[in-house]
Amino acid sequence: MRARGAGITDIAVLVVAADDGVMPQTLEALDHAQEAGVPVIVAVNKIDKPGADPHRVRQQLSEKGLVPEDWGGETVFADVSAKEGTNIDHMLEMILLVAELQELKANPRAPASGIVVEAKLDKSRGNVATVLVQRGTALVGDVVAVGTAWGRIRAMFDDHGDPVESAVPSQPVEILGLSSLPMAGEEFRVVTDEKKARQITDRRRVQKKAEDQAGPERVSLENLFDRIKEGELSQLKVVLKADTQGSLEAVSESLEKLSMDEVKLNMIHTGVGGISETDIMLASASDAIVLGFNVRPDAKAQSIAEKESVQVSTYQVIYKLIEDMEAALKGMLAPEFVEETTGMAEVRQVFRVPGTGTIAGSYVTEGEISRNSRARVVRDGVVIHDGNLSSLKRFKDDVRSVSSGFECGIGLQDFNDVKEGDVIEAYLLREVPR
């Protein structure tokens, strides 16, 4: 949603609570806005609350490149209270001022076009698309083509749910009458007649089918050198996550030194903690790769990475990470061992067995846990142990493997600090040529 919003807006208003200060989600939203190249206005909200410190917010954001105008920078800051209505007029004036400086204009007399912000299937109204008109004026009765859907606008509703007959540039409206449900982010435009709408959507359907079969060619460490050589890539965008702030600084400083004349390393987002769904979506929207140091993607993030064809590379040794990146930039990647995740289990109960150590009473949530596989223990997205299994049992019997949906007891070699809620990830190493 943040990537889509930043991509379709002309001005981004970054809302920061004056009492909480800059939070991780604030930085994610800022990364999307900067990546999309839109001007940012900062609304410092909740100034009526005890403990509100707008100065601290300015300090934190100036470290991220948003320097306030009154500090000699170019970013407009407005201290507001949404609850009390304080300074809201001032913030609106600032938005209009920035719009004027950016010379933002639209022709209301052209055929309407814009972007689908959201779409849903309503039991009583059918296919409903929320669209933002960016150019022209949309009228009830107009024929529209939206992605692979088309139709005649049967009715329109404004943001209060009231019916309207027309929608002008910058106005969001819900439209009814489409043949199918469009995808959020797709472009809509008014066309002359239904025949033209059908031709456009049929062509898009064929094109989409071809694109789905081919799949997107995302940047990866393997194709990086070729794309640099062919002039397709002048900067490598990286989303970097690490287990601690110290590790993050060390890795990020080392990576910055790898920039070459042909390609510059651009870290579009860095953070501490496990690799999340939002990290993958940012990488997907920016054609970036995700690097993790001592952290892992959760199951949902892994699934989205596969779906979006985003490369996620995780490391436990900083030198290995730097070596791989350097080799990729020079086109000299050696054969590698690829991890094949075979199963995941959640620790439900911990047993202390005299003479044996700690046994993790676990429930296998995905795949299969095998006795000969390696295993890592992940706690809150951070890898705390990586090694071999010492035992695998079902009730009191030793077994070779346990499948998804069954409980088991897992013993980890040279590690007894397992806790309830930990995730045990089983994997095998397979050598493949680059």
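Guide: Let's begin with a pairing: the bridge partner of Val 44 in strand 3 is Asp 79. Keep in mind that this is a predicted model.

Visitor: How many bridges join strand 2 to strand 3, and which way do they run?
Guide: There are 4 bridges, and the two strands run parallel. To get from strand 2 to strand 3, the chain passes through helix 3 (residues 54-62), and that β-α-β crossover is right-handed.

Visitor: And what about strand 1 and strand 2, in which sense do they pair?
Guide: They pair in the parallel sense, over 6 bridges. In that pairing, Val 13 sits opposite Ile 41 of strand 2. The chain goes from strand 1 via helix 2 (residues 24-36) to strand 2, in a right-handed β-α-β crossover.

Visitor: Why is strand 2 described as largely enclosed?
Guide: Because 6 of its 6 residues, 40-45, are buried, the rest of the structure largely encloses strand 2.

Visitor: Which residues of strand 2 point which way?
Guide: Val 40, Val 42 and Val 44 point one way, while Ile 41, Ala 43 and Asn 45 point the other, and all are buried. In a regular strand, side chains alternate between the two faces of the sheet.

Visitor: Where is Lys 46?
Guide: Lys 46 is in the loop between strand 2 and helix 3. Its phi is positive, about 65°, though Lys 46 is not a glycine. With a relative accessible area of 32%, Lys 46 is partly exposed.

Visitor: Changing topic: is Phe 395 buried or exposed?
Guide: Exposed, since its relative accessible area is 74% and the cut-off for exposed is over 50%. Phe 395 lies in the loop between strand 20 (382-394) and strand 21 (397-398). Phe 395 also has a positive phi, about 55°, without being a glycine.

Visitor: What about Ser 370, buried or exposed?
Guide: Ser 370 is buried, at 15% relative accessible area. You'll find Ser 370 in strand 18 (residues 357-370). Leaving out residues up to four places away in sequence, Ser 370 touches Leu 389, Leu 392, Arg 400 and Ser 401.

Visitor: Last one: which residues touch the most other members of the largest nonpolar core?
Guide: That core has 19 residues, and those touching the most other members include Leu 240, Leu 255 and Leu 291. Among the elements giving it two or more residues are strand 13 (235-242) and helix 7 (245-256).

Visitor: What is Leu 255 in contact with?
Guide: Setting aside neighbours within four places in sequence, its contacts include Leu 265, Met 267 and Ile 322.

Methods: Residues are numbered from 1 along each chain as its sequence is written. This is a predicted model: local features need pLDDT of at least 70, side-chain atom pairs count only at pLDDT 80 or more; totals for chains, interfaces and linings use all residues. Side-chain values use heavy atoms; hydrogens and water are left out. Buried means under 20% relative accessible area, exposed over 50%, partly exposed in between (1.4 Å probe, protein chains only). Contact means heavy atoms within 4.5 Å. A nonpolar core is a set of buried Ala, Val, Leu, Ile, Met, Phe, Trp, Tyr and Cys residues joined through side-chain atoms within 4.5 Å. Two strands pair if DSSP finds at least two bridges between them. A crossover is right-handed if, with the strands pointing away from the viewer, the path from the first strand over the helix to the second runs clockwise.
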